[in-house]
There are 2 protein chains.
Amino acid sequence: MDRTVRLLISFDGTAYKGWQRQASVPTIQGILEQKLSLICNEPIVLHGAGRTDAGVHALGMVAHFHTSSPIQLPALSRGLNSLLPPDIRIIKAEHATDNFHSRFSAIAKTYRYDFHTGRIMEPTRRLYEAHFPGQFDPLPVNNCLKLLTGCHDFASFEGAGSRDLTKTGGRGSTRTLFTLRLVEDDTLPLHFSLLFTGDGFLRHMIRNIVGTLIPVGQGKISPADFSAVITARDRRAAGPTAPAHGLFLVQIYYSEHEFNIQSSTPMI
Amino acid sequence: MDRTVRLLISFDGTAYKGWQRQASVPTIQGILEQKLSLICNEPIVLHGAGRTDAGVHALGMVAHFHTSSPIQLPALSRGLNSLLPPDIRIIKAEHATDNFHSRFSAIAKTYRYDFHTGRIMEPTRRLYEAHFPGQFDPLPVNNCLKLLTGCHDFASFEGAGSRDLTKTGGRGSTRTLFTLRLVEDDTLPLHFSLLFTGDGFLRHMIRNIVGTLIPVGQGKISPADFSAVITARDRRAAGPTAPAHGLFLVQIYYSEHEFNIQSSTPMI
């Protein structure tokens with residue numbers, strides 16, 4: 001009997017060329033499909049909730065697959081974790097309804113971008129935080145976050161090759177950002193996180209927004225300049241793409257209930 | 001003119017066989033001496049405040065060296081950081097008095113041991129926290145920390161080949177622990193840190209103490225059993241050596257003033 005299984009996955013993206021399967025380079029999807037096919041004893045195609053760039057990390061990636069294997073879920077989960085390298089972990093394996101799709105059923109996602117503005121990057125954090133040394137004022141950045149909140153055409157922050165219109169339902173580069181927050185770490189001065197929750201994100205969108213927000217915090221461009229970048233709808237107006245290794249896919253939401261519960265106590 | 005220079009160093013121990021120079025394997029001291037000798041244009045011998053085991057990390061290692069090079073300290077610091085790999089960073093370079101010795105002038109050190117008791121270790125933390133999955137009760141562990149505080153013979157927690165009596169001033173395996181604390185992370189449940197500040201530590205002492213405290217938190221041995229381990233003064237009475245990668249050398253203190261200031265606001 002065919003089943004749909006949904007996986008909650010955490011990974012360290014450092015050693016991988018991103019999520020998506022590619023011939024002869026290590027990717028998260030590629031390794032997971034290989035181990036799943038072994039355990040289920042049949043070729044498995046794994047569908048992820050979205051692609052992540054090379055070097056991006058995930059605390060709560062979701063993916064699903066169909067299988068006729070009779071394996072019990074706890075055994076599947078344990079078996080996968082024993083075959084996978086320690087930089088990829090299965091947090092949970094659950095049955096899903098047949099019409100569940102990790103990508104098309106998602107109603108919102110939360111990403112986090114971690115960075116440090118101190119002079120020296122601590123060696124033990126260098127793989128998980130971007131380094132933007134120099135003065136950084138949160139106030140104008142918070143003003144820009146207000147400008148970004150809501151439904152906007154984010155064409156200025158869209159990476160090349162972003163859209164496949166047949167898959168995005170023709171909404172072009174318009175997305176809705178529900179909540180954006182800048183948080184400074186309580187115990188580690190000059191360590192910041194930018195949190196983005198929205199109904200979808202264009203390719204490189206968060207990294208391009210971060211690359212434009214950092215100069216605002218550094219006083220190099222004003223919130224008014226930033227506003228003009230949004231309205232330009234032109235990638236050339238925005239700043240550089242921030243490094244991948246500061247970015248974490250934190251959580252994917254699949255129902256209003258889950259979204260409301262989780263967004264009040266964000267899992268960061 | 002000969003000068004004494006003191007370095008404050010942070011490193012990720014993952015890729016190194018510990019602090020101490022060894023032929024043909026990468027060590028922190030070995031790489032630092034190599035880069036220092038290049039910059040100072042003369043062979044440099046670097047004296048560290050202590051050895052760290054393979055895999056142990058440091059936020060605030062201190063080392064000193066003598067040189068006749070006229071190089072200015074900011075240039076030395078920048079030059080070193082540009083030559084060193086990103087998993088070793090010079091936080092500060094300062095002049096020291098001729099009688100300063102990074103090891104013999106130290107009056108206290110703080111170490112931190114980070115661990116996670118959840119079922120699954122997050123991939124992005126796996127290199128910097130030990131994993132002790134299962135129930136963990138802080139209360140009996142805190143009782144053991146009270147037993148460890150003060151001046152004791154720590155022979156039960158001493159690794160083989162620990163002592164060089166000519167260098168430890170004949171105090172044998174007696175050390176004084178000033179403060180010990182168990183802290184649970186505010187935002188990440190089941191992530192704990194054990195903090196140890198003392199006048200000195202025997203080889204593997206903290207990792208052996210941690211390896212004996214964890215079974216106390218898991219309810220496998222009682223604080224009374226733990227007390228018996230201390231008084232046994234026999235390594236065989238204690239638990240296993242906890243993994244190196246959870247251990248951080250946090251800070252080394254060189255004067256009463258610095259110690260009092262810093263111990264009231266520990267740099268963790």
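Predicted model: local features only at pLDDT ≥ 70, side-chain atom pairs only at ≥ 80, totals over all residues.

Residues are numbered from 1 along each chain as its sequence is written, chains are lettered from A and ligands numbered from 1 in the order in which they are written, and side-chain values use heavy atoms, with hydrogens and water left out.

Let us begin with the helices. Helices here are DSSP runs (H or I, at least four residues), as are strands (E, at least two), numbered from the N terminus. In chain A, helix α5 (residues 205-217) packs with helix α6 (residues 223-232) at an angle of about 160°, their axes lying 9 Å apart. Axes are lines fitted to C-alpha atoms, for helices over the stretch in contact, and angles run from 0 to 180 degrees between N-to-C directions. α5(A) is therefore roughly antiparallel to α6(A), a word used for angles over 145 degrees, with those under 35 counting as roughly parallel, 65 to 115 as roughly perpendicular and the rest as oblique. Contact means heavy atoms within 4.5 Å.

On the α3(A) side, the contact is made by A:P140, A:N143, A:C144, A:L147 and A:L148; on the α6(A) side, by A:P223, A:F226, A:S227 and A:I230.

I turn now to the interface. Chain A and chain B each contribute 23 residues to the contact. Together they bury about 1600 Å², of which 64% is on carbon and sulfur atoms; buried area is the accessible area (1.4 Å probe) that two parts lose on being put together, summed over both. In chain A, the residues losing the most area to chain B are A:P123, A:T124 and A:R126, together 33% of what that side buries.

Which residue of chain B forms a salt bridge with A:D12? The partner is B:R126, with the closest N and O atoms 2.9 Å apart. A salt bridge is a side-chain nitrogen of Lys or Arg within 4 Å of a carboxyl oxygen of Asp or Glu. Two salt bridges are found across this interface, and 18 in the whole structure over all chains.
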